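Please have the view open while reading.

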Amino acid sequence: MKRREFIKKTATASAAAAFAPALLGCSKAVAAPKGITLGYNTHQYELDYHWGRLDPAMTPVNDCHEMVQDARKRIVLLTNETKNNVIIYDKSGKYLESWGSEYPGAHGLTLWNEGGKDVLFICDYERHEVIKTTIDGRVLMTLPYPADSGKYKEAGQYKPTESAIAPNGDIYVVDGYGEQYVMRYNHKGELLQVFGGRGEDDHLFFNAHGICIDNRDANNPIVLVTARQKNQFKRFTLDGEYLSTIEVPGAFVCRPVIHGDHIYAAVLMSQAASGSKSGFVVILNGENKVVSTLGGSLPEYVDGKLKPLHQTVRVFQHPHDVLVDNDENVYVAQWNSGKIYPIKLNRV
Amino acid sequence: MQEKFQVSNPLVQTPGQVFEKETSVSLELGLPGVAFYYTLDGSTPDESSARYTAPITIQETCTLKALAVANGWLPSDVEVRDFVKAKYRAVDVKLETPIDERYPGQGAKSLIDRASNSTNFHSGHWLGFEATDLTAIVDLGSEVEIKHIIVSCLSATGAWIFRPGQISAEISSDGSNFGVAGEIKLPAQTEADPTKIEFPRLDIATTIGRYVKVTVHNIDVVPDWHHGAGGKSWLFVDEILVS
């Protein structure tokens, strides 16, 4: 923390010297003649727009859906381009390897360290399945549509978008593009429980797009589920009991990503300008309050309520996931954004 | 090489894009140093156009085009909003087609509440129809001269929401015997069409009547150029206006 604070202060000082007029009286990041800085308060970043650009003839991407960092500190990208569904980079953006041609609806990518080994869970909404693989792509387990849940008549109704793994190995899957249920399996893939579903009530969803285990309180891990259409995250116990809702008004949030004390999330688009490449990134602190946005408006709370957020500069089009690496730098994967490779932002 | 990025479009705040006498519009973005330029005559705004300083009052049917500019960024795209003055205020409306439970709006009365101001189809004002048409009967309260029938509908192809293919109308004085008033075919949606509220207008020979039966035709099938080609298309309508 101390090192982080020191770096932050140093960086702020140098930025202030260069762009003093624009920074006076507020902490807003503005355009710089050289380099673009995004973010507010404790979380500001310099854009590294050219990170990870590859030759589309050799290693193409379609939608860049999600990213994780593996135990070897490599950056793992999931795309629905079936020439190479998984692309692995080093942190400098150098291509290392790629694999996968059988995931046409590759959407959710979750990393889990299983007995010292990295494994991946891929949610494929076109195959209507969740596939567990080794980090180099060997299939370990396939979770088909949950026929025995009684919630589905056929596989086609089930369009899983994300998975999350609990400390005991239980696998949670959200059917974000399907019927909005949350499936909970044990580590062997046996269905234990189904909760959620479509609807207006607190424990229900419209577009349960993402899920994660919020382990910021290690003694009390909870399940955090995106309710994208309502611009919310909903908190549940590990047993699927609804606890509370985190409001992110104005922001069509994708999956929550826990890093340190914070929640990071890509915002696909702004409520205020839906359908027009109006995405950005939000960062929430340990109290689940938005402290920064990247490419979005300054977060302001009035009487404890966050004013609706919206995009202010179009650095991002349709962000779909964020990854925070072990250096606190951020990577943004984007959906429907001209087949663009991920964008990196270096923390200042 | 340094990439350059655009400012986002101005955020348009308005109580309603349809109005009887006048409406107001404000522009904002929350970006330090941003300036807005706009036109109301259909021309494309640039930095020589009127600069926005205070909310704009609109008293006639027109199109607002607004641009955001900030130092160090490329100008925004042009934000386009149509404003429509409609003479008659309907007193009642009945839907002949069932409401889709996923997008029920506030029921049939959404079609005459004049709260048309957002392209957010979850706003609670939009009625959505998947591969079906909308037919509604609007009651104007008394017999009036009818020349124009305007439908407020959403064009948002990213969300599989398409402009209607056709609008047709019948008019009645007693609510049971309707005579054909006219129909209009609308241009096919293209990939380049922005997300916006559109107000297609059916012009008819002046007719006296109290009840107007309007059918808004869904194109039913997603067009070939769209990534959802062949799927069911959505039709979203939030107002039916008579003038």
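## A hairpin in chain A

The model is predicted. In chain A, strand β4 and strand β5 (residues 86–89) pair in the antiparallel sense, over 4 bridges. A hairpin of 6 residues joins β4(A) to β5(A). Within this pairing, A:Leu77 has A:Ile87 of β5(A) as its bridge partner.

The hairpin of β3(A) and β4(A) has 5 residues between the strands. In that hairpin, A:Lys73 takes a positive phi near 70 degrees.

## The covered strand

How many residues of strand β4 (residues 75–79) of chain A are buried? The count is 5 of 5, and the strand is mostly covered. The side chains split by direction. A:Ile75, A:Leu77 and A:Thr79 point one way from β4(A). A:Val76 and A:Leu78 point the other way. Residues on both sides are buried.

In β6(A), A:Trp99 is the bridge partner of A:Val86.

## Chain B overall

Chain B has 17 strands and 0 helices. Its radius of gyration is 19 Å, close to the 18 Å that the globule rule gives for 243 residues, so chain B is as compact as a globular protein of that length. Along its principal axes, the C-alpha trace of chain B spans about 65 × 40 × 30 Å.

Buried residues make up 39% of the 243 residues in chain B. Among contacts with a separation of 6 or more, 70% come from residues 24 or more positions apart.

## A sheet in chain B

One open sheet of chain B has 5 strands in the order β3-β9-β8-β5-β6, and its pairing is mixed. The edge strands are β3 (18–19) and β6 (50–51) of chain B, each pairing on one side only.

Strand β5 (residues 35–39) of chain B is joined to β6(B) by 2 bridges, and the two run antiparallel. B:Tyr38 stands opposite B:Ala50 in β6(B).

## Two domains in chain B

The domain assignment divides chain B into domain 1 (11–85) and domain 2 (92–242). The C-alpha centres of these domains lie 26 Å apart. Their contact takes 8 residues from domain 1 of chain B and 12 residues from domain 2 of chain B.

Which strand gives the largest share of the side of domain 1 of chain B that touches domain 2 of chain B? It is strand β9 (residues 79–85) of chain B, with 3 residues. By type, the residues on that side of domain 1 of chain B divide into 4 nonpolar, 3 polar and 1 charged.

Note on methods: Residues numbered from 1 in each chain as written. Chains lettered and ligands numbered in written order. Predicted model: local features only at pLDDT ≥ 70, side-chain atom pairs only at ≥ 80, totals over all residues. Buried ≥ 20, exposed ≤ 12 C-beta atoms within 10 Å, placed from the backbone. Pairing = 2+ DSSP bridges. Rg over C-alpha atoms; globule rule 2.2 N^0.38 Å. Contact = placed C-beta atoms within 7 Å. Domains from an automatic or database assignment. Nonpolar A, V, L, I, M, F, W, Y, C, P; charged D, E, K, R; others polar.
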